[in-house]
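Here are my notes on the model you sent over. Have it open while you go through the points.

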Amino acid sequence: MGKNKNYNKNQFKKSKTNNETTTQQQQIEEKPDFKIDGSILEGGGQILRNSVALASLFNKAISIEKIRYNRDQPGLKNQHKAGIDLMSRLFKAHITGCSVGSSKLYYQPTLKNIQDDGVIEADTKTAGSICLLIQVSLPCLIFAPHSTKMILGGGTNCDFAPAVDYIQNVFLPIATTMGFQCEMNIDKRGFYPKGGGAITLTTQPLKQPLSPITIVNKGEVTRIVIKSYFTSPRISPLVAERMNNTAKKLIKKDFKKVDIETELIDCSKFSFGDGTFIEIRAYTDQGCIFGATGNGAIGIPAEKVAEDATNSLLKDLQDGGCMDEYLQDQLIIFMALAKGKSQIKTGPISLHTQTSIHITSLMTGAIFTITPLTNNAQSGEETNLITCDGIGYFPLISNDNNNNTKSDLNNNNNNTKSDLNNNNNNNNS
């Protein structure tokens, strides 16, 4: 992390000596409630994050093998290890196998609720994505019996992971309609290869289970925002201007009458290292938000960066769903925890979404169905309706009761009617 005045490396102090802690861990018999195959479906870090988050919420022990099996470099990377370390501190978990490169992990939380120990801090110590730390921890933070403040360090705008801008401007505005409060501030940007970025995330305690979410009417696109960031003087504002111009020109072909806002932002005063990226958002009259981002890189023309991000957004809009492909899988775990029936209309079901449904239904008992929508489909559209009967999770504050939900958490691998095929996906999430 960069030089953040609030950063306290001694936030989590050990109450035991290393020998005492090691002895205690050796005395714990490892009996997992769930055995997770990390190679199934997308076979990446999402399996790890969902499994650890849900194990923490339900106070269940898990073992995961073949971690990130379908990636070019399998096993835990720094950002994955940082996420597990963060969760183990929050839930005082017994863990084995949490080291960079490890393909096996045992995780057993010993607390049922996050204790109010002050500011929570974690750092990938690389350009590894901060957003991966958010994804593993946020489903648990919102159910804490008290407000939380978390300061995270690492990469803010990384390839193969959501940008912090996407979490802040697309995911949170949609997800918080389910009833939880979360605010996010981007304190410092961190780019590849140095990292050093920082964000602050705060949550407020829930007073009741999450509400179900219904997003089935896309409506018409009414506004599009294009923002290109750069760090002067190393990177010229002309680079950002070329990205904006390219994106606007491509979007105008399909949305001639829609207002398009553009902005160039010099973020050098709030960045650690140099970088450039583009963020594009589309808003509809029914409250839907679509997002796409692209990161500049040495040897890659600014026009190519903008073109790839714009084409991603345009494809999601043309597919006919009410959200982009990245939002659909990020909502799954919250739909399962909500009380009642959630429904979201999406474009093609991504492998990440299939994987999230598989792991989430396995560990919560929530029932998902995927219904292809073919009636009145416009040319080029491929839409689906994802329905979830949520379990109405709400934690018991009592430390004497192991049953944190009324749902029967059975070990059934077939809790979804969708066809979860075992495809591979080689992105580096």
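1. Ile64 has Leu105 as its bridge partner in strand 4. Strands here are DSSP runs of E, at least two residues long and numbered from the N terminus, and two of them pair if DSSP finds at least two bridges between them.

2. Before you read on: this is a predicted model, where local features need pLDDT of at least 70 and side-chain atom pairs count only at pLDDT 80 or more, while totals for chains, interfaces and linings use all residues. Residues are numbered from 1 along each chain as its sequence is written, and side-chain values use heavy atoms, with hydrogens and water left out.

3. Now the four-stranded sheet: it is open, with mixed pairing and the order 1-2-4-3. Strand 1 (34-37) and strand 3 (94-96) sit at the edges with a single partner strand each, so one side of each has no neighbour in the sheet. On average, neighbouring strands are turned by 10° against each other, direction ignored (the axes are lines fitted to C-alpha atoms).

4. Strand 7 (residues 181-190) is worth a look too. Seven bridges tie it to strand 8 (residues 197-204) in the antiparallel sense, with Glu183 opposite Thr202. Six residues lie between the strands of this hairpin, and Gly195 there takes a positive phi near 70°. Strand 7 also pairs with strand 12 (residues 271-272), this time parallel and over two bridges; Gly190 stands opposite Phe272.

5. On to the nonpolar cores, meaning sets of buried Ala, Val, Leu, Ile, Met, Phe, Trp, Tyr and Cys residues joined through side-chain atoms within 4.5 Å. Buried is under 20% relative accessible area, with a 1.4 Å probe and protein chains only. The largest core holds 112 residues, and Tyr107, Phe171, Leu210, Ile224 and Leu337 touch the most other members. Apart from it there is another core of five residues, including Phe191 and Tyr229. Beyond four places in sequence, the contacts of Ile224 (heavy atoms within 4.5 Å) include Ile251, Phe255, Asp259 and Arg281.

6. How many disulfides are there? The count is zero, taking a disulfide as a pair of cysteine sulfur atoms within 2.5 Å. For Cys322, the closest cysteine sulfur is in Cys288, at 4.4 Å, which is too far for a bond. Cys322 is buried at 2% relative accessibility, and Cys140 is buried with a relative accessible area of 2%.

Terms used:
Buried means under 20% relative accessible area, exposed over 50%, partly exposed in between (1.4 Å probe, protein chains only). Axes are lines fitted to C-alpha atoms, for helices over the stretch in contact, and angles run from 0 to 180 degrees between N-to-C directions.
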